[in-house]
Amino acid sequence: MKLGSIEFHILDDGTFRLDGGQMFGVIPRTIWERVAPPDDKNRVTFSMNSLLIRAADKWILVETGAGDKWDAKDRDIYAFEGARLPEQLAAHDVRPEQIDIVVNTHLHFDHCGWNTRMIDGAAVPTFPNAKYFVHLGEFEHARHPSERDRASYLPENFEPMVKSGQWHLVEGEGGEVAPGVELIVLPGHTSDMMGVRLSSGSQTAIFLSDLVPTTAHLPLPWIMSFDLYPMTTLENKKKWLPLIAREGWLALFCHDEKIPAARLREEGRKIIAEPVVVD
């Protein structure tokens, strides 16, 4: 899809499964299972979507999925399936060496797994020529997580870029990494999670990351139990979703397997998603 001078594609790192109760928080299973049927282990299937952006002669990759650094036990827990991100980059004739910028909205394992790959038993940057962007606050929390969210942060996904000097840590409210490609802080899931807004000409798209991971999470109370600050998530949903609908922006979802992109419209007190085909 083209937005003025910016071109972008929606890629993914396949699917994985997470417990439905974790993903839908206070919403009872009798309600959420109508839109997200679970398997016999109460797990729901989600995709791990990425954006491949071409802007100002640069290749920009937003999110890098879960990667492949998993043992048999974890592979069984998360049931990873489907084509992986490196294969999809290759299908677009983009080599890892060509990526100029990698954006991690946050450093949970399902958003930064292909930051690195294993070579001779050591994790090394997958994208050797890229600048890696994440918020400073998120980076510091990832290195010193709490007992509640320690399992979401895997040092092998982010420590190798400390050694290689590739991290560019965002401070404050964000800013542009390329003309028309803006990082914006969307706290709630974590304190310093970011989204990505693409703007060119009169068109805008916004990658909401885990503020609204799927279209099923558009209703205000549908908030993941993973969120460290659920009331902040709620306030940000109240702020951003009506704005996206009124302005006609394209909303992009990080974990929606069936509807990764949609236009939003307000219908009474509801926000309705109208799917848009991208790539």
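**Salt bridges, cores and a pocket**

Modeller: In this predicted model, Glu-235 and Lys-238 sit three residues apart in helix H8, which covers residues 230-247, and so they are separated by about one helical turn.

Biologist: What do Glu-235 and Lys-238 form with each other, and how far apart are the closest N and O atoms?

Modeller: Glu-235 and Lys-238 form a salt bridge, and the closest N and O atoms are 3.8 Å apart.

Biologist: How many salt bridges does a search of the whole structure find?

Modeller: The search of the whole structure finds ten salt bridges. One of them joins the side chains of Glu-159 and Arg-143, with 2.8 Å from N to O. That pair links distant parts of the chain, since Arg-143 belongs to helix H6 (136-143) while Glu-159 lies in the loop between helix H6 and helix H7 (160-164), 16 residues apart.

Biologist: And Glu-159 and Arg-143, how accessible are they?

Modeller: Glu-159 has a relative accessible area of 26%, so it is partly exposed, and Arg-143 is also partly exposed, because its relative accessibility is 39%.

Biologist: Which residue forms a salt bridge with Arg-197?

Modeller: The partner of Arg-197 is Glu-182, with the closest N and O atoms 3.0 Å apart. Here too the pair links distant parts of the chain, with Arg-197 in strand S12 (residues 194-200) and Glu-182 in strand S11 (residues 181-185), 15 residues apart.

Biologist: Is Arg-197 buried or exposed?

Modeller: Arg-197 counts as buried because its relative accessibility is 17%, and the limit for buried is under 20%. Glu-182, on the other hand, counts as partly exposed, because its relative accessibility is 25%.

Biologist: Which residues are linked in a network of salt bridges?

Modeller: Such a network links Arg-17, Asp-39, Arg-43 and Glu-81.

Biologist: Changing topic, how many residues does the largest nonpolar core have?

Modeller: The largest nonpolar core has 28 residues, and those with the most contacts inside it are Phe-8, Ile-53, Ile-60, Val-181 and Leu-252. Apart from that core lies another one, of 22 residues, among them Ile-99, Leu-107, Trp-114 and Tyr-132.

Biologist: What is Ile-60 in contact with?

Modeller: If we leave aside neighbours within four places in sequence, Ile-60 is in contact with Leu-51, Leu-52, Ile-53, Ala-55, Ile-101, Val-103, Ala-178 and Val-181.

Biologist: Where is Phe-109, and is it buried or exposed?

Modeller: Phe-109 is in helix H5, which covers residues 109-112, and Phe-109 counts as buried because its relative accessibility is 7%. Although Phe-109 and Gly-65 are 44 residues apart along the chain, their C-alpha atoms are separated by 7.5 Å. Gly-65 is also in contact with Phe-109, and other contacts of Phe-109 outside its sequence neighbourhood include Phe-16, Trp-70, Tyr-78 and Leu-154.

Biologist: What about His-135, what does its side chain reach?

Modeller: The side chain of His-135 reaches the backbone nitrogen of Gly-137 at 3.0 Å, and a polar atom of that side chain lies 2.9 Å from the backbone oxygen of Gly-172. His-135 is in strand S8, residues 131-135, and with a relative accessible area of 6% it is therefore classed as buried. Contacts of His-135 beyond four places in sequence also include Val-170, Val-185, Asp-192 and Met-194.

Biologist: Last one, how much space lies in the largest pocket, and which residues are the closest to its centre?

Modeller: About 810 Å³ of space lies in the largest pocket. It is lined by 31 residues, of which the closest to the centre are Thr-214, Thr-215, Ala-216, Leu-218 and Pro-219. Strand S3 (43-55), helix H8 and strand S16 (270-275) each supply at least two residues of that lining, and H8 is the helix where we began, with Glu-235 and Lys-238.

Methods:
Residues numbered from 1 in each chain as written. Predicted model: local features only at pLDDT ≥ 70, side-chain atom pairs only at ≥ 80, totals over all residues. Heavy atoms only, no water. Core = buried A, V, L, I, M, F, W, Y, C linked by side-chain atoms within 4.5 Å. Buried < 20%, exposed > 50% of the residue type's maximum accessible area, 1.4 Å probe, protein only. Contact = heavy atoms within 4.5 Å. Helix = DSSP H or I, 4+ residues; strand = E, 2+ residues; numbered from the N terminus. Polar contact = N/O pair within 3.5 Å; in protein donor to acceptor, adjacent residues only side chain to side chain. Salt bridge = Lys/Arg side-chain N within 4 Å of Asp/Glu carboxyl O. 1 Å grid on protein atoms, 1.4 Å probe; cavity = no way out; pocket = protein on both sides within 12 Å on 5 of 7 lines; lining within 4 Å. Points joined across faces, edges and corners; volume = space filled by probe spheres on them.
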